[in-house]
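Subject: Structure for your review

Dear colleague,

Please find below the structure that I am handing over to you. After it, I set out what was found.

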Amino acid sequence: MNLPNKLTIGRIIAVPFFVALYMLGFYIAALVIFILASLTDMLDGKIARKRNLVTNFGKIMDPLADKILVYSALVLMTGDGTVPAWMLIVILAREFAISGMRTVAASEGIVIAAGMSGKIKTVLQMIAVPVLILALALPKVPAVFTAGQVFIWASLVMTVYSGAEYILKNRKVFSM
């Protein structure tokens with residue numbers, strides 16, 4: 001197994017540790033794990049492209065690892081009231097819709113590539129989550145929570161926009 005794929009697996013393995021630390025209220029430790037795991041996302045892609053180590057495993061598992069990490073955090077934050085449940089539902093609905101479209105398209109031999117708006121959405125989520133965790137660790141600094149809210153709302157806007165963009169650009173999938 002190559003290094004990028006090991007980093008992807010490491011990101012998945014980090015999730016239960018992140019979840020446990022968050023649930024125990026060790027927000028700074030959870031924050032560190034989340035940030036390190038997020039950095040492996042950037043690192044594994046760069047290494048894979050630079051060293052020509054792109055694999056089918058990486059193509060499938062890298063975005064899945066991102067989703068497991070980010071959505072685990074958002075579920076935890078919904079549970080403690082940091083993120084409203086309706087917001088998580090919108091985010092997950094977009095993911096399920098796009099994943100479903102990709103599955104139907106793949107069954108017909110069509111690949112739906114990730115768009116820039118989807119990548120921006122992911123980056124905004126990977127910024128929002130640690131800022132919101134930091135807000136939990138620093139409850140007496142309301143500006144941190146406000147910044148987290150700005151990023152989570154921005155990610156929600158990009159979630160809806162990128163979902164609409166995927167659907168419009170790939171509407172032929174609905175007639176398959």
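A residue is called exposed if its relative accessible area is over 50%, buried if that value is under 20%, and partly exposed in between. Lys169 has a relative accessibility of 60%, so this residue counts as exposed. Please keep in mind throughout that this is a predicted model.

Salt bridges

Lys169 also takes part in a salt bridge, in which its partner is Glu165 and the closest N and O atoms are 3.6 Å apart. Both residues belong to helix α6, where Glu165 and Lys169 are 4 residues apart, or about one turn of the helix. Elsewhere, salt bridges with shared partners link Arg11, Asp41, Asp44, Asp62 and Asp66 into one network.

The count of salt bridges comes to 8. One of them joins Asp41 to Arg11, with 3.7 Å between the closest N and O atoms. Because Asp41 is in helix α2 and Arg11 is in helix α1, this pair ties together parts that lie 30 residues apart in sequence. Both Asp41 and Arg11 are buried.

A further salt bridge connects the side chains of Glu95 and Arg94, at 3.0 Å from N to O. Are these two residues buried or exposed? Glu95 has a relative accessibility of 6% and therefore counts as buried. Arg94, with a relative accessible area of 9%, is buried as well.

Aromatic pairs

A pair of aromatic rings is described by two values, the distance of the centres and the angle of the planes. Searching the whole structure gives 4 aromatic pairs. In one of these, Phe18 and Tyr22 are tilted, with 6.0 Å from centre to centre and 50° between the planes. These two residues are 4 residues apart in helix α1, which covers residues 3-23, so about one helical turn separates Phe18 from Tyr22. Phe18 is buried, because its relative accessibility is 0%. Tyr22 is also buried, with a relative accessible area of 4%.

Tyr22 pairs with Tyr27 too: the ring centres are 5.3 Å apart and the planes stand at 75°, so this pair is edge-to-face. The cut-off behind that label is an angle of over 60 degrees between the planes. Tyr27 counts as partly exposed, because its relative accessibility is 22%. Together, Phe18, Tyr22, Tyr27 and Phe34 make up one aromatic cluster.

Nonpolar cores

Which residues have the most contacts inside the largest nonpolar core? They are Phe18, Leu74 and Val129, in a core of 26 residues. Helices α1, α2, α3 (56-79), α4 (85-107), α5 (116-137) and α6 (142-169) each contribute at least two residues to this core. The largest share, 7 residues, is supplied by α3.

If residues up to four places away in sequence are not counted, Phe18 touches Ala30, Ile33, Phe34, Ala73, Leu76 and Ile133. There is also a second, separate core of 6 residues, including Ala105, Ile112, Tyr166 and Val173.

A buried glutamine

Gln125 is placed in helix α5. With a relative accessible area of 2%, Gln125 is buried. Its contacts, leaving aside neighbours within four places in sequence, are Val70, Tyr71, Ile91, Pro130, Ser155 and Thr159.

The surface and a loop

On the surface, Ile28, Val32, Ile35, Leu36, Leu39 and Met42 form a nonpolar patch, and together they have about 540 Å² of accessible area. Leu39, one of the residues in this patch, lies in helix α2, which covers residues 27-50. Leu39 counts as partly exposed, because its relative accessibility is 42%.

Where does Gly25 lie? Gly25 is in the loop between α1 and α2, and its relative accessible area of 36% makes this residue partly exposed. Gly25 and Ala137 are 112 residues apart in sequence, yet their C-alpha atoms are 8.5 Å apart in space.

Yours sincerely,

A colleague

Technical notes. Residues are numbered from 1 along each chain as its sequence is written. This is a predicted model: local features need pLDDT of at least 70, side-chain atom pairs count only at pLDDT 80 or more; totals for chains, interfaces and linings use all residues. Side-chain values use heavy atoms; hydrogens and water are left out. Rings of Phe, Tyr and Trp (its six-membered ring) pair if their centres lie within 6.5 Å; planes under 30 degrees apart count as stacked, over 60 as edge-to-face and the rest as tilted. Buried means under 20% relative accessible area, exposed over 50%, partly exposed in between (1.4 Å probe, protein chains only). Patches are made of residues with over 30% relative accessible area and no salt bridge: like charges are joined within 9 Å, nonpolar side chains (Val, Leu, Ile, Met, Phe, Trp, Tyr) within 5 Å. Accessible areas come from the Shrake-Rupley method with a 1.4 Å probe; for residues, only the protein chains shown count as cover. A salt bridge is a side-chain nitrogen of Lys or Arg within 4 Å of a carboxyl oxygen of Asp or Glu. A nonpolar core is a set of buried Ala, Val, Leu, Ile, Met, Phe, Trp, Tyr and Cys residues joined through side-chain atoms within 4.5 Å. Contact means heavy atoms within 4.5 Å.
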